[in-house]
Amino acid sequence: KSVRLIKGDQEIETLIKDVNPGDQILVRSGEKIPVDGEVYEGNSFVDESMISGEPVPVEKEKGMKVFAGTINQKGSFKFKAEKVGSETMLANIIQMVRDAQGSKAPVQRLVDKIAGIFVPVVILISILSLVAWLVFGGPDGFTHGLLAMVTVLVIACPCALGLATPTAIIVGVGKGAENGILIKDAESLESAYKVDTIVLDKTGTITIGKPVVTDFEKADNADSENLNGILLGIENSSEHPLADAVVLKLKEENLTASKISNFESITGRGASAIFEGEKYFVGNDKLMAENKIDIPLNLKSKIQEFQENAKTVIYFSSSKKLISIYAIADQIKETSREAVKELQKLGLDVYMLSGDSQQTTSAVARQVNVSSFKAEVMPSDKFDFIKKLQDEGKIVAMVGDGINDSQALAQANVSIAMGKGSDIAMDVAKMTLISSDLNKIPKALKLSKEIVQTIRQNLFWAFIYNVIGIPIAAGLLFPFTGFLLNPMIAGAAMALSSVSVVSNSLRLKWQKL
């Protein structure tokens, strides 16, 4: 809610709403960037995954753009405000979300339509029953007519009709919660079973959303076990976001960081340090080439394999030779492949969208067996893609976790957010998967189908009861059998119809998803 403005040599803390274009702002490590602007001093790494979908933080230096709502990680920098308030990219996304939500017409409940016709028809039938008895009922026509009119009104009381939908939905929402599916409104439950197309975000939805070490290879004759303490010491001192992944991996091996000296961060390359008089390097292939470090043959094919799978390769070497390599990537969730397979089995067209690079997106799509995907898409592109599918007559479900997904979530027929995602995605979405497990989606679709079937069964029993009960209450059997239904019995029958509808809805509690 507040920012640090730079006025000459002073730092002044002020409210975000008072920031104007052209103001100079200081952002420290771990802070959110308050407005859109351009860096003019310092450098850092910024987590832009909520906007772009790219899981690896982006390096920012002089002349580069930064966006409101993204998170500065390590390092600090100063930038000049360019767009503030409602003009920022984040504000535009939120406004487009509101527009998309507001443009959707509310679903007209089937029961509301029926009740609007049913109630006046029943009143008319009850009056016609009285008139018919008065005309054809003989000396007891008025007594029988009045009895018939009251009995029709009692037996046709639309309690069962009114309970048919809400009881099924209430039980269904509870069933969803038991299975880790939070349902915000009934509309999504009534629509989900019709879905024929599902669009999945990549980062944080199919993948974990955090870079981790996936592979490790050491060079021939390299004593990497004894040298990994040096690597840990260097990466502990590094501000690069990928260093955290290596540190986490090495700490799993209970290593102790070596006491290094002369640490140096080399922009766009990596880092170097000295241990016991020997210089060591950690970084990319450019750093290795600049220091004339040869890549052994046994690792070249591995490096190519890692790169084809869109993994980032980190090299660790001494001043003389390569010691080891680490492959880092945003890992696919354990359940993602299985979930995609299950969705395809249900006959759904599965698409994947990502703001990440073409190579990375393609690699993830291959691993989860999604043939239709788009890379390097902006938030508005995701919205346009959903709209295009809907214009083709498809019923679309969108699954996402970030601010960049919120506009598309708002437009989709059914919107599903990851429980570990951003607040705005969960606010917009009609369903939230608490565990962020894609295997919950087929369960949500099945639950929707079961609920809709239960509602239809409830409506059938409510109607069949009235179709049979109203003519008997009006006295249709009297000319043939002399039977005229008592209003008290009609009241009991009416209550029984409501009990049958509620009991049918409660069956959902024991339904296996």
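Begin with the lining of the second largest pocket, whose residues divide into nine nonpolar, 13 polar and ten charged. Here Ala, Val, Leu, Ile, Met, Phe, Trp, Tyr, Cys and Pro count as nonpolar, Asp, Glu, Lys and Arg as charged, and the others, Gly among them, as polar. The model is predicted, with local features requiring pLDDT of at least 70 and side-chain atom pairs pLDDT 80 or more, while totals for chains, interfaces and linings use all residues. Residues are numbered from 1 along each chain as its sequence is written, and side-chain values use heavy atoms, without hydrogens or water.

Next, select Asp-47, Ser-49, Ile-208, Gly-209 and Lys-210, the closest to the pocket's centre of the 32 residues that line it. A pocket is an open set of points on a 1 Å grid over the protein atoms alone where a 1.4 Å probe fits, with protein on both sides within 12 Å along at least five of seven lines; lining residues have an atom within 4 Å of a point. Strand β12 (207–218) gives the most to this lining, four residues.

Then select helix α17, residues 440–474, which reaches 50 Å from its first C-alpha to its last. Helices are DSSP runs (H or I, at least four residues), and strands likewise (E, at least two). Just after α17, Gly-475 takes a positive phi of about 100°.

Finally, select Ile-198, Leu-200 and Ile-441, which have the most contacts inside the largest nonpolar core, of 57 residues. Such a core joins buried Ala, Val, Leu, Ile, Met, Phe, Trp, Tyr and Cys residues through side-chain atoms within 4.5 Å, buried meaning under 20% relative accessible area (1.4 Å probe, protein chains only). Its largest share, twelve residues, comes from α17.

Conventions
The expected span of a helix is 1.5 Å times one less than its number of residues. Buried means under 20% relative accessible area, exposed over 50%, partly exposed in between (1.4 Å probe, protein chains only).
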